[in-house]
Amino acid sequence: MLAAGGALTLSALAGCSALDGLVDRGAQQVLGTTVSSPSAFYPGRSPLAGSASSASTDGPAGGTRAFRTSVGDIEHVPATVQVEGREFDLEGWSTSGTTNGQDYNSSRSNKPRSEWWAGPDDDDSDGDGYGDTLVAIQDIELGLLGHAVTAAGAVERRDRDEATVSLDAFINATTKALKKGDRIDRCDTDVCGTTRENMASAEENARAARNAVDDGDWDTAGAELAAVEAFVLSDIELLDDELVERRPGRPRFSDISAYMRAEPTIGERFTVCLPDAKLPGDRGSLAEELTPGRVLSYFAASYEEDDRHTPFHDRYDTGCCFDYSNDGCLRADGPVSLHRNLACQTILSAKLDTYRTENRGITGDSTEDGAVVSGAPTSADTDGKCVFVAGDGTLREPTSLDSWGSPVVLDSDSDDDGLLESVSTTLVCPVAVTPEDCPCPLPGLFYVRRIVHDDQIIFAGGWMLDEGALYEDSATLLFDGGATEVASVTKADVESDDLDSRIVEQFSRDRSQYGSVVVGGEIDDADDVPDALAAVGGKKGYDIYLHKKQHPESDDSGSSDGGIYASVNALDAPLVHLAGAGKLSESEKRVATGRIETGVINSGEEVDILGMGAEK
């Protein structure tokens with residue numbers, strides 16, 4: 001009665017009341033495995049010593065921080081298959097959870113760029129050139145805000161050297177911007193007049209703050225800098241109002257700054273688990289039916305002015321035969337249809353859009369440990385709009401998204417008892433992301449890979465904020481070091497008092513113990529990477545990015561002389577998978593996943609393991 005890995009076949013279920021009379025012997029032989037069980041990213045032990053269990057944790061030095069995926073949702077998402085004129089469900093499960101930060105502006109140069117949000121049909125030219133002038137002025141203001149934020153953080157830390165450098169950079173930039181005959185001086189509108197006055201006032205406050213820093217009067221310096229920020233933010237909001245009126249749909253950078261100062265959603269992870277079932281006739285399998293193009297279409301449509309379309313404005317061949325219905329849900333021809341939560345793009349709380357990504361691509365390179373990729377402007381030397389990333393360090397831009405390519409087939413004698421059969425390459429693409437609690441779109445990076453485990457297919461992925469598009473001297477780095485490790489847990493494991501140890505002992509890589517933790521920190525040189533960041537991505541990856549891709553240069557405005565703030569995410573982060581799909585009823589699975597609320601992590605941390613319950 002049991003298929004490999006403990007999954008029930010249809011013949012074993014034929015007597016159940018729910019299926020009684022609906023499935024004949026021919027259909028049983030065609031479909032095979034029909035059950036699945038929930039899986040989720042392992043949240044991981046923090047690579048920062050002595051950290052607490054909060055979603056965002058300050059590290060012991062260098063401003064290094066760890067961000068853990070929060071508690072999330074579990075949903076039953078069965079797939080419907082047509083067999084011989086009949087329809088029935090294949091059991092499916094999804095899990096999801098968000099990653100949140102705290103005051104992202106505090107450690108980054110807060111200078112959002114406009115390059116990431118344009119769609120293929122957008123035209124920035126407004127004929128009279130005034131809009132371009134406003135964009136240039138706002139770009140100056142955003143740079144000033146970055147200097148002010150950095151100076152304020154340095155004053156709070158009583159860091160005289162950093163505060164002095166940032167304030168000098170602010171003063172130099174305002175002096176240059178207000179120079180006679182330059183762009184702001186030549187603009188004679190009321191908006192330009194107001195920004196000139198505010199910029200001059202902000203410069204006076206910055207000079208006063210600079211003097212206060214020299215005198216060690218930190219309270220006065222902080223107060224002067226608060227006035228500086230108020231002037232700059234007022235100008236950015238004024239320019240937002242004018243530009244959005246002229247170019248509807250443009251993001252408001254004042255809203256972005258305010259959002260990033262609170263507790264922004266900076267990422268989200270999901271898994272979708274379905275049976276590795278065969279399809280009727282010569283259709284192959286459910287795994288083959290769910291091509292990268294179709295999976296991407298379930299999460300990131302192209303939100304064009306007339307309607308939703310397939311991802312990236314039909315740039316790629318997504319594999320045939322699907323579009324979006326009037327209510328925005330994916331509609332596909334063929335024997336398989338997925339649950340409404342997937343078809344209508346509600347697995348993730350954020351809205352992902354691949355239309356406004358015309359000016360962003362993916363760049364990366366191989367390392368000794370795998371591959372590292374990041375977002376980049378298409379004007380740079382990118383590897384493609386979308387890229388397949390492999391753990392052996394290879395990168396490939398697809399000509400179409402109709403296949404996952406050659407999977408990594410794992411040794412059946414592994415510690416996983418042969419349950420983990422194969423892992424695909426990872427699809428990475430730029431997206432525009434609007435988190436549920438955000439008033440505006442943000443630049444992001446979407447990623448997903450397919451895993452075959454225990455006669456089930458698991459699609460594991462998510463999105464991260466693309467910091468390289470949002471901040472100067474910042475980057476989101478995605479590392480892939482090989483196949484996803486999956487820890488199988490049983491009911492007995494779930495009910496034990498050493499669940500976390502039982503999970504970690506199944507991993508062969510040391511860094512798998514850090515799970516899906518996102519680590520952020522400053523990197524001044526590739527030879528001096530903070531240990532916490534190296535634990536997630538390896539030092540070789542930073543060397544590749546800093547020396548071959550970033551090429552930052554210092555200038556008179558006080559820009560970085562080579563350092564960046566990097567947020568690091570592992571594409572090969574391990575999973576936890578509830579074992580015994582065919583032995584447990586749906587209610588038993590819900591009870592089991594409900595009990596997988598907390599696992600004891602080192603230093604007494606308690607974290608959610610499958611994203612099912614409140615963090616303790």
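1. Cover of helix α4. Buried in α4 are A163, T164, S166, L167, A169, F170, I171, T174 and A177. Helices here are DSSP runs of H or I with at least four residues, strands are runs of E with at least two, and both are numbered from the N terminus.

2. Basis of the values. The model is predicted, with local features needing pLDDT of at least 70 and side-chain atom pairs counting only at pLDDT 80 or more, while totals for chains, interfaces and linings use all residues. Residues are numbered from 1 along each chain as its sequence is written, and side-chain values use heavy atoms, with hydrogens and water left out.

3. Geometry of α4. At 1.5 Å a residue, the 18 residues of α4 should span 26 Å, and this agrees with the 26 Å between its end C-alpha atoms. The expected span is 1.5 Å times one less than the number of residues. At the N-terminal end, D159 caps α4 through a side-chain oxygen 3.4 Å from the backbone nitrogen of D161.

4. S166. This residue is placed in α4, which covers residues 160-177. S166 counts as buried because its relative accessible area is 7%. Leaving aside residues up to four places away in sequence, S166 touches H147, T150 and A151; a contact means heavy atoms within 4.5 Å.

5. D214 is in helix α6. Its relative accessibility is 42%, so D214 counts as partly exposed.

6. The chain as a whole. The protein chain has 18 helices and 30 strands. Of its 616 residues, 57% count as buried. Among contacts in the chain with a separation of 6 or more, 70% come from residues 24 or more positions apart. The accessible surface is about 24,000 Å², and 43% of it belongs to carbon and sulfur atoms; the areas come from the Shrake-Rupley method with a 1.4 Å probe, and for residues only the protein chains shown count as cover.

7. Aromatic pairs. The whole structure holds 5 aromatic pairs. Rings of Phe, Tyr and Trp (its six-membered ring) pair if their centres lie within 6.5 Å, and planes under 30 degrees apart count as stacked, over 60 as edge-to-face and the rest as tilted. F299 and F446 have ring centres 5.9 Å apart and planes at 35 degrees, so this pair is tilted. The pair links distant parts of the chain, 147 residues apart: F299 in helix α10 (residues 292-299) and F446 in strand β22 (residues 442-453). F299 is buried at 7% relative accessibility, and F446 is buried at 0%.

8. W404 and F459. The ring centres of W404 and F459 are 6.1 Å apart and the planes are at 35 degrees, so the pair is tilted. This pair also links distant parts of the chain, with W404 in the loop between β18 (395-396) and β19 (408-409) and F459 in strand β23 (residues 456-465), 55 residues apart. Both residues are buried.

9. Ring cluster and charges over rings. F270, F299 and F446 are linked into a cluster by ring pairs. R269 lies over the face of F41, 4.7 Å from the ring centre. The charged end of K351 sits over the ring of Y303, at 4.2 Å from its centre. A charge sits over a ring if NZ of Lys or CZ of Arg is within 6 Å of the ring centre and within 35 degrees of the ring normal.

Key
Buried means under 20% relative accessible area, exposed over 50%, partly exposed in between (1.4 Å probe, protein chains only). A polar contact is a pair of N or O atoms within 3.5 Å; within protein, one must be able to donate a hydrogen and the other to accept it, and residues adjacent in sequence count only if both atoms are side-chain atoms.
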